[in-house]
Amino acid sequence: MNIIITGCCGHIGSYIAHNIDKIKKVKRAYILDNLKSNRFSSLFNFKNSKKLKFFLLDLNDPKSLNNFKNIDIIIHCASMTNAEKSFDKKNEMYKNNLNCFNTVLNFCIKNDVKLLHFSSTSVYGKQAKVVDENCEKKYLKPQSPYAKIKLIEEELLKKNNKKLKYNTFRFGTITGVSTGIRFHTAVNKFCFNASINMPIEVYKYAMNQYRPYLSLKDAFNVIKFSINNNFFKNDIFNILTANHTVGQLLKKIKKYKKKVKVKLVDSAIMNQLSYHVDNKKILSNRIKIVGNIENDIKSTMKILRNLN
Ligand SMILES: NC(=O)c1ccc[n+]([C@@H]2O[C@H](COP(=O)([O-])OP(=O)(O)OC[C@H]3O[C@@H](n4cnc5c(N)ncnc54)[C@H](O)[C@@H]3O)[C@@H](O)[C@H]2O)c1
């Protein structure tokens, strides 16, 4: 089977590319990125380089995928992803992410290619104690342009439901180390600040509010499962390892760094932090959650251990 991984230099895409040998059905993986994020290091030292071929491509160009033939699946990771910065870069993010999405969607429809699409649990916003995929529309309250774009992508897929096979996975905030690891998301940013003795900035009121987190291991597992089992349901699934409060995360970080400074701050997406996400739907499909957020914190603190 031949696949394309878009956004292969990112936090998730690089993990998939470096672990591609673990998905036996994949014979060839074409990996592409526009390298605007400058994460060249994600492309270093592939152990599985015979299966991989890199292309420097920008998916803003609707023709960028035209030369690819005999593709079975696209794993679509290419996106601008900093939710908090998305307020300042709203137009740029709408343009880039929807262009990328449309290029991929049109290619999949035209060439009968299956799609793994990654949305975000941030589409839920605040309010209910527990939210699942079947929740009423009123519980879908994306608090940032980033999350609003995710909902638009989901809707576009629903509209084209009859024209392609796909899954939308609503991922929790990713934890764990990859070559393309980023530090603008909650757990990683906390680990980084703790490591360099900077205050960990916590949104006011967020200390005891639950939020969903997803270990890279589980994100990879669900991708592997979909490919190996031809699991494409034209449906939406929440994917997370665990719901945690910021307080619980800090406690885990303190196991590896005794003294941690915390500073309470305001944020435009502060409200986004108060929900508990349910993952029963995906678990009813023989998929197992094997990741562990604490282990991810441990490995992140380990790669940062010499910063102090
Ligand atoms: N990391 C998370 O916590 C998280 C949580 C939920 C959902 N997701 C989603 O999963 C997907 C992958 O996330 P990630 O964390 O790996 O993102 P990332 O920001 O680490 O990587 C995205 C990659 O896409 C590339 N890219 C952006 N625009 C492009 C374009 N026009 N053409 C080609 N390449 C382009 C970037 O250069 C970057 O390497 C995204 O859709 C993201 O929204 C991520």
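Residues are numbered from 1 along each chain as its sequence is written, and side-chain values use heavy atoms, without hydrogens or water. Because the model is predicted, local features need pLDDT of at least 70 and side-chain atom pairs count only at pLDDT 80 or more, while totals for chains, interfaces and linings use all residues.

Ala, Val, Leu, Ile, Met, Phe, Trp, Tyr, Cys and Pro count as nonpolar; Asp, Glu, Lys and Arg count as charged; the others, Gly among them, count as polar. Helices (H or I, at least four residues) and strands (E, at least two) are DSSP runs, numbered from the N terminus.

A polar side-chain atom of T81 lies 2.6 Å from a ligand oxygen. For a polar side-chain atom of R39, the distance to an oxygen of the ligand is 3.0 Å. G10 contributes a polar backbone atom, 3.4 Å from a ligand oxygen. Taken alone, the ligand exposes 830 Å², and the protein buries 96% of that. Accessible areas come from the Shrake-Rupley method with a 1.4 Å probe; for residues, only the protein chains shown count as cover.

Helix α1 is largely enclosed by the rest of the structure, because seven of its eight residues are buried. These are H11, I12, G13, S14, Y15, I16 and A17. Buried means under 20% relative accessible area, exposed over 50%, and partly exposed in between (1.4 Å probe, protein chains only).

The second largest pocket has a volume of about 150 Å³. Its lining comprises P62, N66, F68, K69, N102, T103, N106, F107, K110 and N111. Three of these residues are nonpolar, five polar and two charged. A pocket is an open set of points on a 1 Å grid over the protein atoms alone, where a 1.4 Å probe fits, with protein on both sides within 12 Å along at least five of seven lines; lining residues have an atom within 4 Å of a point. Grid points are joined across faces, edges and corners, and the volume is the space filled by probe spheres set on the points.

D112 has a phi of about 55 degrees and is found in the loop between α2 and β5. D112 is exposed, at 69% relative accessible area. N234 has a phi of about 50 degrees and lies in the loop between α5 (216-228) and β11 (235-239). N234 counts as buried, at 17%.

F171 lies in β7 (residues 166-171) and is buried at 5% relative accessibility. Its C-alpha atom is 13 Å from that of H276, 105 residues apart along the chain. K114, in β5, is partly exposed at 26%. The C-alpha atoms of K114 and L35 are separated by 25 Å, with the residues 79 apart along the chain.

Terms used: A polar contact is a pair of N or O atoms within 3.5 Å; within protein, one must be able to donate a hydrogen and the other to accept it, and residues adjacent in sequence count only if both atoms are side-chain atoms.
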